[in-house]
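Here's a quick briefing on the chain shown below.

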Amino acid sequence: MCGIVGYVGSKDCSDVLVNALSKLEYRGYDSAGIAVFENGDIKTVKTQGKLKDLEDKLAAEYKPQGHIGIGHTRWATHGEPSDVNSHPHSGARVTIVHNGIIENYLELKEFLTARGRSFLSETDTEVVAQLLDYEYNGNPLETIQKVMQQLKGSFALGIMFRDFTDRIFATRRESPLIVGVAENECFIASDVPAILRYTRDYYLLEHDEIATLTTEGVSFVDKHLRPITKELKTADWDMEAAEKGGYAHFMIKEINEQPEAIRTTIMPRIRDGLPCLEECGITVESLKRFRSITIVACGTAMHAGMVGKYVIEDLARVPVVVDIASEFRYRNPIVGKDDLVVIISQSGETADSLAALRLAKQKGATTLAIVNAKGSSIAREADMLIYTLAGPEIAVASTKAYITQLSVMYLFAFELALAKGTVSAAECKRLIAALIKMPDAVAHVIENCEEKCKFIATKLVNADSLLYIGRGLDYALSMEGSLKLKEVSYIHSESYAAGELKHGTISLIEEGMPVISVATQTDVIPKTISNIVEVKSRGAKIILVCTDACARGLKDGVADYVVEIPHSEELLMPITAVVPLQILAYYTAINRGNDPDKPRNLAKSVTVE
């Protein structure tokens with residue numbers, strides 16, 4: 001949930017490390033630091049706060065001069081945010097940066113303390129640094145191997161040994177780490193954007209492998225220290241794709257990129273007007289045998305799964321359970337042969353989702369991954385794989401990754417229904433034709449709703465709490481709208497099935513409280529309007545996102561503000577209806593003076609529990 005970078009080359013290392021860390025700020029962090037080899041010694045500078053605070057400290061106090069080093073942005077897990085707890089951490093002869101959580105760090109700390117070691121910080125990372133120093137025998141690879149055998153938990157490590165001033169080392173278990181290569185340069189990073197300014201070529205480091213980086217190149221060994229050869233990969237997007245491109249923030253840029261993201265994701269998977277997921281390992285024959293489906297995900301991805309549940313059950317008549325990954329993995333889920341477990345994750349490295357995937361496979365279930373990050377752990381370990389082709393998503397609050405997850409869920413639901421014989425080929429073609437129109441529909445909503453949402457957002461600035469309500473697919477959509485608002489605006493928000501209001505929640509309604517309602521499903525719109533009237537009569541201020549047809553039928557005074565979106569295939573309405581909710585969240589955050597790209601306490605890739 002933080003960022004690692006490392007550099008070996010001829011450039012000014014401090015500048016390279018800070019620049020690379022700036023490309024990982026979207027991951028969330030509360031402190032930053034670098035360590036650089038300078039004249040045979042390791043010089044470390046670190047500070048609580050943002051990367052700008054580190055840059056100011058480097059300019060005002062001391063900037064290490066050298067060509068080899070490591071850097072880190074930390075999101076506090078063990079010990080509060082502070083200069084002392086910031087990374088890098090050191091033993092006498094070893095300096096490291098670390099992502100992840102060492103589960104047995106207290107046991108290791110007691111072991112080291114009993115042998116005379118003292119600690120400056122409260123972190124589990126310093127324990128690893130001290131353990132590396134304690135076990136150091138003059139051979140870095142043997143030392144790293146021995147320490148890895150003692151560590152329990154997740155980690156990605158960038159390591160510098162004081163005796164080896166011409167190289168850095170890297171290893172990982174669970175937490176992601178890549179190794180970038182260019183001419184006479186090597187890099188380590190938590191994610192590809194960190195190195196795109198310098199190279200697009202990289203290797204994926206697998207569990208318990210160790211990399212040695214020098215100006216002559218990179219070498220790899222497995223956990224037994226046997227040399228291994230790895231496949232060189234090339235990023236299929238460049239620095240321009242990861243920059244703001246004239247937009248004020250990544251979040252609004254990525255909202256505007258959604259039409260193209262949908263188009264890029266769905267069009268290669270349509271053949272002769274029907275869904276075709278063969279390239280993903282999914283065939284009509286394989287789909288026929290699944291008796292039940294469990295969708296497992298976290299946060300926004302889980303909300304995409306909720307929409308998937310409604311659509312799959314409606315069309316394919318297969319029972320679907322949607323489970324939060326952290327709950328699924330800590331109970332005894334009933335899945336096995338002839339059951340499908342779908343794992344949805346933008347990063348493909350979400351710790352709980354990855355653990356859920358492995359549990360499902362242990363129980364004999366077939367697994368399908370829906371991920372955006374190519375070559376990620378979940379993508380590699382699933383039995384079947386559908387990539388969402390959203391491209392880089394930098395803002396922490398997901399928008400275009402979510403909408404492409406929805407698009408994939410629709411493609412999968414259509415093909416499943418066709419395989420099960422619950423829809424005809426003609427009906428499936430009609431649904432696919434409607435899906436193909438969605439990119440243009442989303443573009444229309446962005447163009448025509450942004451100013452209205454921007455105005456409505458000014459009415460939410462001083463809200464202490466609000467509710468989102470909806471029914472059916474609109475309820476699933478309300479869950480995502482509520483999460484998006486609370487993520488970036490920091491306003492307390494909850495989503496409820498509108499029919500549940502009378503079962504306790506309506507007691508929260510007071511004069512002036514905003515209630516955002518979604519109404520796009522014709523068969524339940526009268527019920528939803530009835531619920532709106534109930535909260536309106538108790539003083540709520542109503543913001544209604546609905547179809548143009550619904551808006552025309554509204555009685556005067558039912559809603560205080562109405563955002564109209566064009567009516568299209570009702571089953572697909574979540575794709576267009578989510579857009580005003582995203583825009584509303586964005587402008588509410590802006591009006592409250594927040595940075596929507598980097599919400600406090602949040603990280604883009606949740607690689608720890």
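A residue counts as buried when its relative accessible area is under 20%, as exposed when that is over 50%, and as partly exposed in between, with a 1.4 Å probe and protein chains only. On that basis, 61% of the 609 residues of the chain are buried. This is a predicted model, where local features need pLDDT of at least 70 and side-chain atom pairs count only at pLDDT 80 or more, while totals for chains, interfaces and linings use all residues. Numbering starts from 1 along each chain as its sequence is written, and side-chain values use heavy atoms, with hydrogens and water left out.

**Overall build**
- The chain has 19 helices and 27 strands; these are DSSP runs numbered from the N terminus, with helices being H or I of at least four residues and strands E of at least two.
- Its radius of gyration is 25 Å, close to the 25 Å from the globule rule for 609 residues, so the chain is as compact as a globular protein of that length. The radius is taken over C-alpha atoms, and the rule is 2.2 Å times the number of residues to the power 0.38.
- Along the principal axes, the C-alpha atoms fill a box of roughly 80 × 55 × 45 Å.
- Taking contacts (heavy atoms within 4.5 Å), residues 24 or more positions apart make up 72% of those in the chain with a separation of 6 or more.

**Strand S4, covered up**
- S4 spans residues 68–74, and seven of its seven residues are buried.
- Ile68, Ile70, His72 and Arg74 point one way, while Gly69, Gly71 and Thr73 point the other. In a regular strand, side chains alternate between the two faces of the sheet.
- S1 (residues 3–8) runs antiparallel to S4, joined by six bridges, and Ile4 stands opposite His72.
- S2 (residues 31–38) is also antiparallel to S4, again with six bridges; here Ile34 has Gly71 as its bridge partner.

- Strands pair if DSSP finds at least two bridges between them. An open, antiparallel sheet runs in the order S5-S6-S7-S8-S12-S13-S14.
- S5 (89–90) and S14 (227–228) are the edges: each has a single partner strand, so one side of each lacks a neighbour in the sheet.
- S5 pairs with S6 (residues 94–102) over two bridges, in the antiparallel sense, and His89 has Ile96 as its bridge partner.
- Helix H4 (residues 124–135) packs on the sheet, touching S5, S6 and S7, and its direction makes about 135° with that of S6. Axes are lines fitted to C-alpha atoms, for helices over the stretch in contact, with angles from 0 to 180 degrees between N-to-C directions.
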